[in-house]
Amino acid sequence: MLQCREDLLFFTKQLVNIESIVNTSGEKEIAQVLYTMISSFPYFTENPSQVIKTKTEHDDLERYNVLAFVKGTKGTSNKTVILMGHMDTVGIDDFNNLKDHAISPDTLKEQLKTESIPVAIKEHVESEDWMFGRGVLDMKSGVASHLFLLKYYSENPHELDGNLVFVSECDEEDGSRGILSALNQLISWKDEHQFNYVAAINADFVSPRYEGDANRYIYKGTTGKLLPSFFITGAETHVGSCFEGLDPNLIAAELTKQINYNPELCNEADGEITVPPVSLKQTDLKPSYTVQTALSAYVYYNFFIYSWSPKDVLVKLKEQAEIAFGNVLTTFKERYEKYCEISGEPFKDVTWQPRVLTYEEMHSQLVEEFGSAYENHMQAFKTELLLDESLDTRMFSARVVEEAFKWMKNQTPTIVLFYSSLYSPRVQITGENENEKNLIDALDEAVDWVKPFYKEPIVVRNFFPYISDMSFVALSDDENEINSVSTNNPSWGSKHYVDYSQIRKLNVPVINIGPYGFDAHKKYERMELTYSLEVVPNLTNFVIKRLFNC
């Protein structure tokens, strides 16, 4: 086994000490530090063109990725493994009174010893095998592991029958502009140096799946993540005549009741199952108080997938929306009838019918009816809307749908279903092609090899359960399935765009071997040193060597 604990500990602390919160200048700073560090390795002083710092593309902020590669001299193989990991973190406001120590693991641990904290956390504070601090787990220790291997093979290229590419990307915690920008460089190197990319190894954090879970997990492939969104129109009325209209907030509430935590919307694949969707925002779109009911409402949900495509999800959620709409109209009618009974007012029949459209369906209908007049208007509207920097892609999309719906001749209550944010593609590693099969075999052998050196169980699962940049190095969706994302995203091509064809050009099977710990994104973020600094790099190294010897 490689003796790497002290080197990794040093690299980890160096990286953690830089406050690289996403969407701040810290991302620029840590990229420069990492670039300078790698450039100082003797191999790269002799081969300076093999380490680069590249600016992200289509980005309002100035930030960079750092990429480097070592060419092995043991043989003539062009097999190439990508080591990837992000260098940005979430914020530190949750540290409260300990905020000043959030990126100083040693002093933070001393401060925590004086705090009133849960027993389980206190045990880790008092242990020499745990490190606390923002980014120690998610995921600077993972980057440090890859950095160690890059340095090791830069000093020992004669042990490498293939090539090793290191990628440390920014913006993983927000829009993944880092890895999406890095794709161009990876593809360029592929062409320039004839790299045959056979695998990518990510080093994002792993944690227990439930209380008392002692397993350390390794993941093949990753979950996909969508943000299905619903623009809901009602029939406005004065609140004193409430039954003369239909409140879109009632529809939104019923929609959330139908979708939130619904096991029917869990996606099972390869014996594993996603968590169900949950709402991330629910609001009406009234700009201020009036005694009129809202004209429209807006709600969106997190939605994880393993084997379903974005197209499948639209079909399933359209069905759920139709059910919710039907339930609303039944409830409305029952309550209206009851009110008429007790008030003595005459009952008028409720004539609304459930009406659910995808954005693509609505847009196609409007293009057919109004042609260039509609298209030119919407293009001008989007251009003007881009000037409002307060709008993220989600609210931008909602405003586009709202404007488009004004063109609908039929203004009866309607639900419009669309996607309003980045689609992080699912990656399913099945072993159906040679690279996938070799990677699965190498990983299984690596786990069997390392088990005698570590007391806790190491378990391989099929899908990394969190959002990560693993989603952007391979595609399991076909072109038609991907197209349903762009045709149903109102911000596509203006506020938001992803070149999924670049991912397909790379299309390398990916696994995650990362540090182990607890409370990523939380005040007590911490990692176990033995697994993270000893087992992780050795597992990764075994997989690399096994792949090059296939």
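In which helix does H124 lie? In this predicted model, H124 belongs to helix α5, which spans residues 119-125.

**First selection: H124.** Please select H124 and display its surroundings. Its relative accessibility is 13%, so H124 counts as buried, the cut-off being under 20%. Apart from neighbours within four places in sequence, the residues in contact with H124 are K109, W130, F132, F518 and R526.

Next, select residues 130-132, 517-518 and 526-528. Residues 130-132 form β4 and residues 517-518 form β18, while residues 526-528 form β19. These three strands make up an open sheet in the order β4-β19-β18, and their pairing is antiparallel. β4 and β18 stand at the edges with a single partner strand each, so one side of each has no neighbour in the sheet. Between β4 and β19, which run antiparallel, there are three bridges. One point to centre on is F132, whose bridge partner in β19 is R526; both F132 and R526 are also among the contacts of H124.

Leaving aside neighbours within four places in sequence, F230 is in contact with L255, I259, A297, Y298, V299, Y301, L317, A321, I415, V416, L417 and F418.

Conventions:
Residues numbered from 1 in each chain as written. Predicted model: local features only at pLDDT ≥ 70, side-chain atom pairs only at ≥ 80, totals over all residues. Heavy atoms only, no water. Pairing = 2+ DSSP bridges. Helix = DSSP H or I, 4+ residues; strand = E, 2+ residues; numbered from the N terminus. Buried < 20%, exposed > 50% of the residue type's maximum accessible area, 1.4 Å probe, protein only. Contact = heavy atoms within 4.5 Å.
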